[in-house]
Amino acid sequence: MAKKKAKKVLCNKCTGLCCRYFALPIETPEDKEDHDDIKWYLCHKDITVFVEDGDWYINIKNKCKHLGKDYKCRIYDKRPRICRGYRHSDCDFTDGEYDYELHFTSGRQMEEYIKIKFDNNVKEKQKSKKKKKRKK
Ligand code: SF4
Ligand code: SF4
C-alpha cells in the first residue's frame, strides 16, 4: 500500500515521461549493410537506436495520444497490458540516466561507427597482413 502511495505521488510530479516514446527490439546488425540499414532508420525524425545489455532497440519518440494535458492517462482503466506492467521502481522519472552501451541519434554517428568498426579495423588489417605474409 505504502508503495502504491509513493508511486502515485511520483507520477503526480512527473509529466508522463514513460508515455512519450516506445522502444522495440531490432535484429543485431552484423555486417556493414545491416549497419547501413540502421542509418536509414536514423534518417527519420525522432528516431534513435540504442544498445542495452548487447541487444539493439529502435526508440520512437512519439507521445501516446492518450496522455492528457494534465499528464494523466485518459484511458487509465483500459490502458494496455504493457502500461499496466511498467515498473515504477526504475522508471524514467526515478532512474534518470540510461545505461546504454551505444546510443545513436543521427545517421552521421552511425557512419562514424561503421568507419571505426569496418573501415579502420586495425586488428582485421593486421590479421590480413599476417595472412598475406604467410602465403609468401
Ligand atoms: S515516468 Fe515514472 S513517475 Fe513518470 S508517469 Fe511514468 S511511471 Fe510515473
Ligand atoms: S495508454 Fe495511458 S499509460 Fe499507456 S502510454 Fe498511453 S497515456 Fe501512458
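Here is a short chat that walks through this predicted model.

User: Before we start, how are residues, chains and ligands labelled, and what pLDDT do local features need?
Analyst: Residues are numbered from 1 along each chain as its sequence is written, while chains are lettered from A and ligands numbered from 1 in the order in which they are written. Since you ask about confidence: this is a predicted model, where totals for chains, interfaces and linings use all residues, side-chain atom pairs count only at pLDDT 80 or more, and local features need pLDDT of at least 70.

User: What is the order of the strands in the open sheet?
Analyst: Strands pair if DSSP finds at least two bridges between them. β1 (residues 22–26) pairs with β3 (residues 55–60) over 5 bridges, and β3 pairs with β2 (residues 47–52) over 6 bridges. β2 also pairs with β4, over 3 bridges. Put together, this is an open sheet of 4 strands with antiparallel pairing, in the order β1-β3-β2-β4.

User: Why is one side of β1 and of β4 left without a neighbour in the sheet?
Analyst: Each of these two has a single partner strand, so one side of each has no neighbour in the sheet. In other words, β1 and β4 stand at the edges.

User: Which residue in β4 is the bridge partner of F50?
Analyst: F50 has a bridge partner in β3, namely Y57. Y57 also has P25 standing opposite. In β4, the bridge partner of F50 is H103.

User: Which residue takes a positive phi in the hairpin of β2 and β3?
Analyst: That hairpin has 2 residues between the strands. The phi in question is near 50°, and the residue is D53.

User: Which strands does helix α2 touch, and what angle does its direction make with that of β2?
Analyst: Helix α2 (residues 32–42) packs on the sheet, touching β2, β3 and β4. Axes are lines fitted to C-alpha atoms, for helices over the stretch in contact, and angles run from 0 to 180 degrees between N-to-C directions. With β2, the angle is about 135°.

User: Is F104 buried or exposed?
Analyst: F104 lies in strand β4 (residues 102–104), and V49 stands opposite F104. A residue is buried if 20 or more other C-beta atoms lie within 10 Å of its own, exposed if 12 or fewer, and partly exposed in between, with C-beta atoms placed from the backbone. F104 has 25 other C-beta atoms within 10 Å, so F104 is buried.

User: Which residues surround ligand 1, and which elements give two or more residues to the shell?
Analyst: A residue counts as near a molecule or strand if its C-beta atom, placed from the backbone, lies within 6 Å of it. Ligand 1 is surrounded by L10, C11, C14, G16, L17, C18, H88, C91, D92 and F93. The elements giving two or more residues are α1 (2–13) and α4 (92–95).

User: How many nonpolar residues does the shell around ligand 2 have?
Analyst: Ala, Val, Leu, Ile, Met, Phe, Trp, Tyr, Cys and Pro count as nonpolar, Asp, Glu, Lys and Arg as charged, and the others, Gly among them, as polar. Ligand 2 is surrounded by C19, C64, H66, L67, C73, I75, R79, P80 and C83. This shell has 1 charged, 1 polar and 7 nonpolar residues.

Terms used
Two residues are in contact if their C-beta atoms, placed from the backbone, lie within 7 Å.
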